[in-house]
Every structure is written in C-alpha cells, then in structure tokens.
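Biologist: Please take a close look at one loop of this model. Then set that loop against the rest of the chain.

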Amino acid sequence: MAERLDPQALLELVQQRQIDEIASIEDKAVKAATEKRFALIDDASRSATVNWVKAFGSMSAEGTGSLLGDLIASALKASNTSLKGLETSAFSALTEAVGGSVTTATAQGAAFVEGATGKAAAARVAVPAPDLAEERAALKAAVADGEKGFKALLKRTVVERLGLRGILGGLSQARQAITRAKSTISTGINKSVQKTMQATATANKAPQEVWVAERDACTRCLKYAGQIVDKGKDWTGGQSWDPNQVDKNAPGVRPPLHPNCRCRPVPWNPAWAKPGEVSLPEAISREAERSVARGFSLASESNASRVRALKELLSGSPNLPKTVLERARRDLRNGEFARGRAVP
Ligand SMILES: [Zn+2]
C-alpha cells in the first residue's frame with residue numbers, strides 16, 4: 001500500500017536519500033575511471049618538482065643537459081600512461097553507471113509519486129534508451145586535446161624556455177583531460193536521471209515538473225529550487241541568487257545545470273497538494289532560501305558570491321524563521337557567515 005508523505009518527508013526523500021543514492025553510483029563510476037590516473041599525474045608532478053630541484057638547484061633554475069632530457073621523458077611517459085585507454089574506460093564506467101542510475105531513478109520516481117499521492121505509481125515508465133553519443137565524442141575530444149596539449153609543452157625547446165613550469169604545465173594538460181572525463185561521466189549520469197524523471201511525470205500524468213536542488217547547491221541552482229514548469233518545458237535560463245551571475249539573455253535550461261550538478265526535476269501535479277499544507281514546491285524553495293540565508297555552500301563558491309546572494313535574499317521577503325533571519329542580517333552586516341559555510 002502506498003502511503004502519502006507530508007511535504008517535509010517527501011522533500012527529505014527526494015532531496016537527500018534519492019540524490020545521495022545516485023551520487024554514490026556517480027562516485028563509483030568516476031573513481032573506477034579516473035582515480036588511478038589522477039594519482040599518477042599528481043605523483044609525476046611532485047617528483048618532477050623534487051627532481052628538478054635536485055638536478056638544477058631550485059624550482060626557478062634553468063634546466064640543461066641530459067638530466068633535462070630525462071625529466072621531460074618521464075613527464076611524457078606519465079602523461080601518456082595517464083591518458084592511455086581513458087576514453088574506453090570512462091565510456092564503459094559511464095555506460096554501466098547510466099544503466100544502474102536509470103534502474104535506480106525509475107524506482108525512485110515511483111517511490112516519489114507514491115509518497116506524493118498516497119496511491120500506486122504507474123507500473124510502466126517509458127524511459128528513452130540512453131543515447132551516449134555526445135558523451136563518447138566529449139571523451140574522445142578530451143583525450144585528443146590533452147595529448148595535443150602535453151605534447152606541445154613537453155618539448156626540449158619549450159622546457160628550456162619555461163623551465164619547471166613547462167613540465168608542470170604539460171602534466172596539467174593531461175590532468176585537465178582526466179577532469180573533463182570525470183565531468184562527462186557525472187553529467188551523463190545526471191542527464192539520464194533527469195530523463196527518467198521526465199518519463200515518470202509522463203507515465204503518472206503529472207502535468208508539471210518541479211526543480212529539486214541539493215542543500216549545498218550553488219546560488220544558481222538554489223534559485224531554481226521549487227520552481228515549476230509545464231512538463232518537458234525548459235526553466236528560464238540565467239537565474240541566480242547572486243545578481244552578478246544573472247544573465248537575462250541566457251537560453252532555457254533543465255538540470256543538470258553544470259558539471260557536478262545533482263539537481264533533478266520531479267513530477268508535479270497541483271492536485272497533489274493538500275489544502276492548508278505547505279506544498280512540496282513551497283517546501284523546496286523555503287529550504288533553498290534557508291540554504292542561502294545560512295550560506296551553505298561548497299568550497300568552490302566564493303564568500304563574496306554567497307554574501308551577494310544573501311543580500312538579494314534579504315532584500316525580498318523570505319519566508320524564514322525569525323532566528324534564521326536575525327542571524328542572516330548579522331552575517332550580512334559582517335560580510336561573512338559566522339558559522340562557516342559548510343552544510344551541517
Ligand atoms: Zn544543480
């Protein structure tokens with residue numbers, strides 16, 4: 001028997017448990033395809049630095065002679081090895097993870113619909129067959145660019161001119177290719193989740209979709225949290241809580257909004273809301289406003305951006321508890337988040 005969940009419980013289900021489940025599939029795939037390769041390049045960069053200083057006296061010293069040739073050769077070898085087979089292994093990790101995430105997301109969609117309605121979800125969800133042609137091309141391009149990049153730098157003439165920076169620059173070109181492969185895997189998985197959720201909306205005759213963001217999503221994703229569109233339509237592009245990031249001319253968007261974005265659309269039907277109860281979309285946007293008020297974020301976001309977002313939030317009329325608002329106003333005056341920005 002399906003049991004209806006109250007909006008807060010439903011939010012916890014979609015925002016935490018379900019997003020976390022997919023995140024662990026994603027982490028596993030990324031690890032399988034890239035972990036050893038990152039380690040190899042990072043080791044090579046460390047030993048290049050140590051060996052350079054040993055051979056030539058300091059990091060800024062010029063490199064000469066046969067020792068220089070040896071250092072270039074080992075950087076080339078590490079770069080080649082780190083990218084060898086990357087396209088194939090990343091693609092197979094991605095394919096497997098997409099299979100797993102479609103199965104998982106299909107079950108998640110059904111659990112969500114049952115929680116939202118208290119009724120059995122549609123038994124058949126027509127998820128389109130995954131098309132990974134774009135991802136395959138992206139992986140190929142990442143490897144090709146990486147190889148071109150490190151080969152251009154790891155040359156005697158170049159390293160004689162740039163010194164250790166040339167060697168490290170070459171290795172970082174290889175590293176960037178691995179980073180791009182990592183993003184391609186993540187985005188491919190999250191795209192398959194969003195397609196599954198859209199198919200779930202169709203199967204359950206939900207006329208709309210609502211955007212669910214992670215609690216520590218960026219200021220752009222948090223702006224979308226709780227926003228509703230007609231099923232299959234784009235959300236208005238270029239939105240953000242940080243006014244500096246707003247782009248009025250941006251084309252429409254659907255999640256994932258950026259690499260590492262784990263936002264997802266979930267089916268929505270206004271008839272699922274109970275009169276007198278905070279609706280799920282309202283609960284989602286309230287949670288997002290709370291995240292902006294508290295300054296929750298990832299390390300990659302600047303304090304300045306989160307403070308601008310907070311200012312923007314407080315200039316409106318956020319529906320937040322008094323204590324949260326008081327603390328937020330104090331943080332804004334101080335220009336920093338007194339409790340730090342980590343999600344508890
Ligand atoms: Zn996102």
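Modeller: A residue is buried if 20 or more other C-beta atoms lie within 10 Å of its own, exposed if 12 or fewer, and partly exposed in between, with C-beta atoms placed from the backbone. Asn-260 is partly exposed, because 17 other C-beta atoms lie within 10 Å. This is a predicted model: local features need pLDDT of at least 70, side-chain atom pairs count only at pLDDT 80 or more, and totals for chains, interfaces and linings use all residues. Residues are numbered from 1 along each chain as its sequence is written.

Asn-260 sits in the loop between β2 and β3. Its phi is positive, about 70 degrees, although Asn-260 is not a glycine. Pro-256 lies in the loop between β2 (228–230) and β3 (264–268) as well. The peptide bond from Pro-255 to Pro-256 is cis, and its omega is near 0 degrees. Most residues other than glycine have a negative phi, and most peptide bonds are trans.

Lys-205 is a further non-glycine with a positive phi, about 55 degrees. Its place is the loop between α6 (164–203) and β1 (208–212). Lys-205 is exposed, because 10 other C-beta atoms lie within 10 Å. Gly-118 follows α3 and has a positive phi too, near 75 degrees. Next comes a loop residue, Ala-129, between α3 (86–117) and α4 (133–153). Ala-129 counts as exposed, with 7 C-beta neighbours inside 10 Å. Ala-129 and Asp-247 are 118 residues apart in sequence, and their C-alpha atoms are 33 Å apart in space.

Now the chain around these loops. From the N terminus on, the order is α-α-α-α-α-α-β-α-β-β-α-α-α. Along the principal axes, the C-alpha atoms fill a box of roughly 80 × 50 × 35 Å. Of the 344 residues, 42% count as buried. Take contacts (C-beta atoms, placed from the backbone, within 7 Å) between residues at least 6 apart in sequence: 75% join residues at least 24 apart.

Start with the helix pairs. Helix α1 (residues 7–56) packs with helix α2 (residues 65–83) at an angle of about 175 degrees. Their axes are 9 Å apart. Axes are lines fitted to C-alpha atoms, for helices over the stretch in contact, and angles run from 0 to 180 degrees between N-to-C directions. So α1 is roughly antiparallel to α2 (over 145 degrees; under 35 is roughly parallel, 65 to 115 roughly perpendicular, the rest oblique). On the α1 side, the contact includes Leu-40, Ile-41, Ala-44 and Trp-52. On the α2 side it includes Leu-67, Leu-71, Ala-75 and Ala-78. The residues of this contact divide into 10 nonpolar, 3 polar and 1 charged. Ala, Val, Leu, Ile, Met, Phe, Trp, Tyr, Cys and Pro count as nonpolar, Asp, Glu, Lys and Arg as charged, and the others, Gly among them, as polar.

The axes of α4 and α6 come within 8 Å and cross at roughly 175 degrees. That makes α4 roughly antiparallel to α6. By class, this contact has 10 nonpolar, 9 polar and 3 charged residues. Among the α4 residues are Glu-135, Asp-145, Gly-146 and Gly-149. Those of α6 include Gly-166, Gly-169, Gly-170, Arg-180 and Gly-188.

Helix α3 has 32 residues.

Last, helix α9 (residues 303–315). Its 13 residues should span 18 Å, and its end C-alpha atoms are 18 Å apart, which agrees. Its buried residues are Arg-306, Ala-309, Leu-310 and Leu-313. They cover an arc of only 105 degrees around the axis (taken from the directions from the axis to the C-beta atoms), so they lie on the same side of α9. Their cover includes α7 (219–224), α8 (280–294) and α10 (322–334). On the other side of α9, Ala-304 and Ser-315 are exposed. Ala-304 has 12 other C-beta atoms within 10 Å. The C-alpha atoms of Ala-304 and Asp-242 are separated by 9.3 Å, although these residues are 62 apart along the chain.

Note on methods
Helices (H or I, at least four residues) and strands (E, at least two) are DSSP runs, numbered from the N terminus. Two residues are in contact if their C-beta atoms, placed from the backbone, lie within 7 Å. The expected span of a helix is 1.5 Å times one less than its number of residues.
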